Amino acid sequence: MDKTSKQTIIGEALPNIPWEERPSDARHPRVVWRSARNPIIPRDLIPSSNSIFNSAVVPFEGQFAGVFRCDNRARRMVLHAGRSVDGIDWEIDHDMIEFVPEPGDERCAEIATFEYGYDPRVCWIEDRYYVTWCNGYHGPTIGMGYTYDFKTFYQLENSYLPYNRNGVLFPRKIKGHYAMLSRPSDRGHTPFGDMFYSESPDLCYWGRHRHVMSPTRGWQSTKIGAGPNPIETTEGWLLIYHGVLTSCNGFVYSAGAALLDLDEPWKVIYRTEPYLWSPQEPYECVGDVPNVAFPCAALTDAETGRIAIYYGGADTVVCLAYTQVDELIDFVKQNSRV
């Protein structure tokens, strides 16, 4: 399906996107398949790390760069920058990111004391790479910053009051405004788990909040949250998200997908009832938090329709999965129950 697939991704070609063909010996062919090299980043890639997972990757200067959640051996949740030639073999900085206040806005220094940071996303918008993460500020909220080179990182104001998680930017303005998905929560692991849309004229003041979707049944019955930045397609915004069920053995995190309206993204057109993939491999089931497959980033190639999805396994390692956009959109449409 490479050269002949419909051009449904709205974006740029990425000829060096990480890619592995679907295994031919799969017992039940899936719309999403795992990398045979998983986990691609082990928990101890850098000397200080207890685990590396739930991290964000983007194309950068013909190669790849990213922001990685590296929980250290004191079990402090911190963020590190990293670079890769091929998107699979990574070099991650040994020192955590030290955010500096945005030039001209010294008031950001008032919130710059770093308590913790986790589950980052990275999104290219216009002329820079924006970073969002779950930031510790009297409880979890959505921190925001940006970088041009993955060496110097500038911090902006927190987007929302505590408590909030899974702040995920859209890769372009919508009707002249920046747009973000998030999941308001509480101090713990949230007894409620709805996804909301918000917009901002300046990345400082956020409003016009709109409900997107709620937990439903089965694998997404406890809570849901946006995963990678939404992918713009001719069919709508393709959103890969995580859903959680509460089992007799605790939470189980799986991945699904939805299509959102291009002009009014709080309107859900289609939403998968079955999951795309769930924790089944040892590196997804065994680790610091068992039974977690947590998507956080996606690379896309508009020419071939290929999508490479980075996800965290068992809150311990970084893994990789693949899909074709046409197949994924067809799956969402054919297995939707909004």
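These legends accompany several close-up views of a predicted model.

**View 1. The whole chain, for orientation.** Let's start with the overall picture: this chain contains 2 helices and 22 strands. Its C-alpha trace spans about 55 × 45 × 45 Å along the principal axes. The radius of gyration is 18 Å, which agrees with the value near 20 Å that a compact globule of 338 residues would have. Buried residues account for 56% of the 338 residues. Among contacts with a separation of 6 or more, 54% join residues 24 or more positions apart. The chain exposes about 14200 Å², with carbon and sulfur atoms supplying 49% of that area.

**View 2. An open sheet of 4 strands.** Follow the order β11-β12-β13-β14, where the pairing is antiparallel. The edges belong to β11 (164–169) and β14 (207–213); each has a single partner strand, so one side of each is left without a neighbour in the sheet. From one strand to the next, the twist averages 30 degrees. Look at β11 and β12 (residues 178–184), which pair over 4 bridges in the antiparallel sense. Here valine 168 stands opposite leucine 181 of β12.

**View 3. The largest nonpolar core.** In soluble globular proteins, nonpolar side chains tend to be buried together. This core has 39 residues, and the members that touch the most others are Trp90, Phe150 and Tyr310. Elements giving two or more residues to it include β2 (49–60), β3 (63–72), β8 (128–136) and β21 (306–313). Leaving aside residues up to four places away in sequence, phenylalanine 150 has a list of contacts that includes Val58, Phe60, Val67, Val122 and Tyr129. Apart from this core lies another, of 25 residues, among them Ile9, Val31, Tyr311 and Phe331.

**View 4. Two cis peptide bonds in loops.** Proline 39 sits in the loop between β1 (33–34) and β2. A cis bond also joins proline 162 and tyrosine 163, with omega about 15 degrees. Tyrosine 163 belongs to the loop between β10 (153–155) and β11.

View 5. Histidine 138 is not a glycine, yet its phi is positive, near 60 degrees. You will find histidine 138 in the loop between β8 and β9 (140–147), and its relative accessibility of 59% makes it count as exposed. Leucine 203, also not a glycine, has a positive phi of about 65 degrees. Leucine 203 lies in the loop between β13 (195–200) and β14, and is buried, with a relative accessible area of 6%.

Methods: Residues numbered from 1 in each chain as written. Predicted model: local features only at pLDDT ≥ 70, side-chain atom pairs only at ≥ 80, totals over all residues. Heavy atoms only, no water. Pairing = 2+ DSSP bridges. Axes fitted to C-alpha atoms, helices over the stretch in contact; angles between N-to-C directions. Core = buried A, V, L, I, M, F, W, Y, C linked by side-chain atoms within 4.5 Å. Buried < 20%, exposed > 50% of the residue type's maximum accessible area, 1.4 Å probe, protein only. Contact = heavy atoms within 4.5 Å. Rg over C-alpha atoms; globule rule 2.2 N^0.38 Å. Areas by Shrake-Rupley, 256 points an atom, 1.4 Å probe, with all protein chains shown as cover.
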